[in-house]
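Colleague: I would like to learn how to read a model like this one, feature by feature. Please show me where to begin.

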Amino acid sequence: MLHLKCKRMASVAARKEEEKKRESHKQTLLKEKKRLTIGNIARQWEIQQNRVALVTSSNQDKKDSDSCQINGSAAYEFPEETRSLDTVLSNDVQGLSVLDSHLVEVEGDTLYLYGSGALESLDRNWSVQTAGTVITVSFMFIEFDEIVQVLPKLKIRFPNSAHLKFKETNIVMLQQFNALAQVRRIEQLTVDPQGNPVVNFTLWKYYVLFRLNHFNLQKINGTEVTQNDIVMAERLFGILAHVASSELPQYRLLSLLGESRKKQFCYMLEAKGKRSGIVSEESNDSKRVGGENASQAILNYTTRELHTEKLEEIKEREKFCQTYIQDLVKEAADINMKNESLQKLWPQMFIELVRDAVIEIRNKNSYMKLCLQQITDQK
C-alpha cells in the first residue's frame, strides 16, 4: 500500500515537472519569437532609413538568421521563417501580439509599439482594465509623422497615460515637439538619442518645456524638471512665440487657433493697448484657455504628408489663378482690339449711315408709305 502511494506521488511530481518544463519551453519560445520579431522590425527600419547596405546572396537567404547592428546597439537576429514557432504558441498566451512587421505588447503599465503597423492596434477595443493600467506608451521604429496622426487617440484609449517614450522615430527638429500638444496629459517625456537626432541640440529640453509648459512636465529623459529650467525655457524661447504671433496677420492667426483660443487671442490684442503694470494676476490667468497659452498654440507642426497636400493645393490654386487671369487678359485684349477697330471704322461708318438716311428720306411720300407698310407688317 505504501509502495503504491509513493508511486502515485512520484507520478504526480513527474507530471508537474513535465508541465513546468513545457511552460518554461513555451515562455522561451515566446521570448525568442519576440526577440526575432523585434530584430526583423529593426532590419526593416534600417532598410527604410537607408542606413544599412543590403548585401544578400542566395547562400545567405538559405540561412536561418541574419545579424543586424543598429547604431552601435546590440545585434538582432532575423529568422528566414518563424512559422514553426507560431504553431507552438498556444491561444492562452496573453498580452503579446506578434507579426513579422510590427509588435504590440503590454507589459506592466507600459504599452510597447514596434513598427508602424502597431499603430493600428490603437483602434481595437481595449478592455477597460488594460486601458486603465497603461501609464507609459513607448514608440519604436515608427516615423514620428505617423505617430502624430494617432496622438489624439491616446487620450481616448488610455486616459491614464502620462509618459511618452520615443526611440528610432526620426525626431529631427524642434518643431516636431509642437505636435505633442495634442495629447491630454504628459508628465514624463523620454526621447532616446538613438534614431532621434534632435537630442543633439543642446536646447531641445528647454524648447519642450516652453512649448509644453501647460502640461507641467515632471521629468525629461529621467531628469527632474526644476523651476529654474522653466524660467530658462521662457527666457530662451518666449521671444519665439511673440515673433510668430506678430508676423502673421490677424485673420491667419484666428484660422490657426481653435474656437476656445480665439477669445484668448482677442484678449491679447486688447492687452497690448494697456500698460504692462496694470495687468493683474487675474488677467494673466485669463490668458489661458484650456491650459495652453495662445502664443504657444500658434507654434504648430505640419507633417510632411500634410505639407505635401497643402503644396499641391497651393499649386492647384496658382494654376487656377493663372488660367483665370490669362482668360481675363485675353478677353480684355479682344475688347481693346475691337474698340480700336471701331475707332478706325467709325468715321466711314458714320458717313455711310448719314448718306443712307438722306437717300431714304429724299422722297418724303415714298418714305412715309414705306414706314406705314413696315408698321402694318409688324401687326
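Modeller: Begin with the contacts along the chain. In this predicted model, residues 24 or more positions apart account for 69% of the contacts with a separation of 6 or more.

Colleague: What does the secondary structure of the chain come to?

Modeller: The chain has 13 helices and 12 strands.

Colleague: How much of the chain is buried, and how much of the accessible surface belongs to carbon and sulfur atoms?

Modeller: Of the 379 residues in the chain, 31% are buried. The accessible surface is about 25300 Å², and carbon and sulfur atoms contribute 53% of that area.

Colleague: Turn to the aromatic rings. How many aromatic pairs does the structure hold?

Modeller: There are 11 aromatic pairs. One of them joins tryptophan 126 and phenylalanine 158 in an edge-to-face arrangement, with 5.3 Å from centre to centre and 70° between the planes. Planes over 60 degrees apart count as edge-to-face, so the 70° between these two rings puts the pair in that class.

Colleague: Where do tryptophan 126 and phenylalanine 158 lie?

Modeller: Tryptophan 126 is in the loop between β5 (110-114) and α4 (128-133), while phenylalanine 158 is in the loop between α5 (144-157) and β7 (163-167). The pair therefore ties together parts that are 32 residues apart in sequence.

Colleague: Are tryptophan 126 and phenylalanine 158 buried or exposed?

Modeller: Both tryptophan 126 and phenylalanine 158 are buried. For a stacked pair, look at phenylalanine 177 and tryptophan 204, where the centres are 5.7 Å apart and the planes make an angle of 20°. Stacked applies to planes under 30 degrees apart, so 20° qualifies.

Colleague: Which parts of the chain does the pair of phenylalanine 177 and tryptophan 204 link?

Modeller: Phenylalanine 177 is in the loop between β7 and β8 (188-191), and tryptophan 204 is in helix α6 (residues 204-211). The two are 27 residues apart, and the pair links distant parts of the chain. Phenylalanine 177 is buried at 1% relative accessible area, and tryptophan 204 is buried at 3%.

Colleague: Which residues do ring pairs link into a cluster?

Modeller: The cluster consists of Phe139, Phe144, Phe166 and Tyr301.

Colleague: A charge can also sit over a ring. What lies over the face of tryptophan 126?

Modeller: Arginine 124 does, at 4.0 Å from the ring centre. Tryptophan 126 thus has two entries in this reading: the edge-to-face pair with phenylalanine 158 and the arginine 124 over its face.

Colleague: Now the charged pairs. How many salt bridges does the structure hold?

Modeller: It holds four salt bridges. Among them is the one between glutamate 187 and arginine 185, whose closest N and O atoms are 2.7 Å apart. Glutamate 187 is partly exposed at 32% relative accessible area, and arginine 185 is partly exposed at 30%.

Colleague: What is the N to O distance between lysine 219 and glutamate 224?

Modeller: Their side chains meet in a salt bridge at 3.9 Å. The cut-off is 4 Å, so 3.9 Å counts. Lysine 219 is partly exposed, with 27% relative accessible area, and glutamate 224 is partly exposed at 47%. Arginine 355 and aspartate 356 also form a salt bridge, at 3.6 Å from N to O.

Colleague: How many disulfides does a search of the whole structure find?

Modeller: The search finds zero disulfides. As for the cysteines, cysteine 321 is partly exposed at 42% relative accessible area, and cysteine 371 is partly exposed at 24%.

Colleague: Finally, single residues. Where is the place of glutamate 107, and what is it in contact with?

Modeller: Glutamate 107 is in strand β4 (residues 103-107) and is partly exposed at 43% relative accessibility. Leaving aside neighbours within four places in sequence, glutamate 107 is in contact with Lys34 and Tyr112. Threonine 133, 26 residues away from glutamate 107 in sequence, is 9.9 Å away in space, C-alpha to C-alpha.

Colleague: And which residues does tyrosine 367 touch?

Modeller: Tyrosine 367 lies in helix α13 (residues 364-378) and is partly exposed at 30% relative accessibility. Not counting residues up to four places away in sequence, tyrosine 367 touches Glu360 and Ile361.

Terms used:
Residues numbered from 1 in each chain as written. Predicted model: local features only at pLDDT ≥ 70, side-chain atom pairs only at ≥ 80, totals over all residues. Heavy atoms only, no water. Buried < 20%, exposed > 50% of the residue type's maximum accessible area, 1.4 Å probe, protein only. Disulfide = S-S within 2.5 Å. Phe/Tyr/Trp six-rings, centres within 6.5 Å; stacked < 30°, edge-to-face > 60°. Helix = DSSP H or I, 4+ residues; strand = E, 2+ residues; numbered from the N terminus. Lys NZ or Arg CZ within 6 Å of the ring centre and 35° of its normal. Contact = heavy atoms within 4.5 Å. Areas by Shrake-Rupley, 256 points an atom, 1.4 Å probe, with all protein chains shown as cover.
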